[in-house]
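Here is a predicted model to be read with its definitions in hand.

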Amino acid sequence: MKKYPGILLAAMLAGSGVQAASEAEHDAFAKPHQMVDIGGRRLNLFCSGSGYPTVLFDTYSGDAGWVWLDVQPAVARSTRACVYDRAGLGFSDPSPRPGTSENAVDDLHKLLQAAGIKPPYVLVGNSYGGLNVQLYTLKYPAEVSGLVLVEAGSEHETERSIKASGGKLAQIYAMQDEFGKQCEQEVNKGFTPKSALLAQCVMVQRPGWSRALNAAQFANGIDPQRWRAALSENRNMALSEQQLGAARKPFGDLPLLVLTRGVSPYAVPGKPASALNKALEAENRKINEELARLSTRGSNRVVPGAGHLIEVDKPQAVVDAIGEMLSTLSKQGAGTH
């Protein structure tokens, strides 16, 4: 699943997300907030709530922090909760560097330092963002008090998933790459208004989102700069996985919660799952179980009714997992200044 550029991912996999946040809370994501200079370019940071530890969210490839709109406001009622836009996405300035996990982690570390947000952090990451928060934790273990991995990427996931699918997934990825190139060409020259290709490449309306937020995400979707950043992350996914693999070691006794999808994004609605589909989902669960075992205090749970974007399909499951993490840290006296 991590091969999708985020813009295409949203267009192809948009779920019927529960609108847990109010329209005003949604609108808050439709504009830049704290534009933090990290050395000649700025990243957009949006924090709300108060308390410790700070919970920080990182999202799947090619999309902005607003994908956590039904999770972050709820978490902010208990502690400080922050989302940010990676380089070139959302409201953040582009970067001259490739969209790799190492570069994202370096940017995030500089962002938190420049913004004066002191550790400890609970890091929450979905998909490619899950790669990033794991790498951040391995590079800066003293700064992280808890980790919530939401359908997170791992260093061998692409290879293992392709093998489990009997090679079919590699064909799907190749088709997606070709479609991404077609969309990129169209973005660069300008989409024909109301064209079929525009509707296929860009989400015109995301279900449950406010008008202002939909307008902001649509403007991102037709911006060539945003597409270059999104596709750079997608095209460097293998390198990002290698970067995590090179840094990999156990998380020790770090509190760790892993959330796994209960619904296959490759299943055909209304039809029984094929043998290959079952094998792919079994491998995905196995990978997530292995991630959970990287900590002596790790656990993995399947979220029924949720696909790859659990924060979209079942946001309350993510909110509950973070609440459980905060409770665990409070009981052990961690995550406080």
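Q: At what angle do H4 and H5 pack, and how far apart are their axes?
A: H4 and helix H5 (residues 128-139) pack at about 65°, and their axes are 9 Å apart. The axes are lines fitted to C-alpha atoms over the stretch in contact, and angles run from 0 to 180 degrees between N-to-C directions. Helices (H or I, at least four residues) and strands (E, at least two) are DSSP runs, numbered from the N terminus.

Q: How do you know what kind of model this is, and which atoms and residues count?
A: It is a predicted model: local features need pLDDT of at least 70, side-chain atom pairs count only at pLDDT 80 or more, and totals for chains, interfaces and linings use all residues. Residues are numbered from 1 along each chain as its sequence is written, and side-chain values use heavy atoms, with hydrogens and water left out.

Q: What makes the contact of H4 with H5, and which hand does the crossing have?
A: H4 contributes Ser101, Glu102, Ala104, Val105, Leu108, His109 and Leu112. They meet Tyr128, Leu131, Asn132, Leu135, Tyr136 and Lys139 of H5. Contact means heavy atoms within 4.5 Å. The contact holds eight nonpolar, three polar and two charged residues. Ala, Val, Leu, Ile, Met, Phe, Trp, Tyr, Cys and Pro count as nonpolar, Asp, Glu, Lys and Arg as charged, and the others, Gly among them, as polar. The crossing of H4 with H5 is right-handed: the near helix is turned clockwise from the far one by less than a right angle.

Q: What makes the contact of H6 with H7?
A: H6 and helix H7 (residues 168-189) pack at about 115°, their axes 6 Å apart. Thr158, Ser161 and Ile162 of H6 meet Leu169, Ala170 and Tyr173 of H7. That gives four nonpolar, two polar and no charged residues.

Q: How do you know that cysteine 47 and cysteine 82 form a disulfide?
A: Their sulfur atoms are 2.0 Å apart, and a disulfide is a pair of cysteine sulfur atoms within 2.5 Å. The S-S torsion is about 110°, so this disulfide is right-handed. Cysteine 47 is in strand E2 (residues 42-48) and cysteine 82 in strand E4 (residues 81-84), 35 residues apart. By this rule the count comes to two disulfides.

Q: Where is pLDDT under 50?
A: Residues 1-19 stay under 50 on a confidence scale from 0 to 100. The chain mean is 90, and 93% of residues reach 70 or more.

Conventions
pLDDT is the predictor's confidence in each residue, from 0 to 100.
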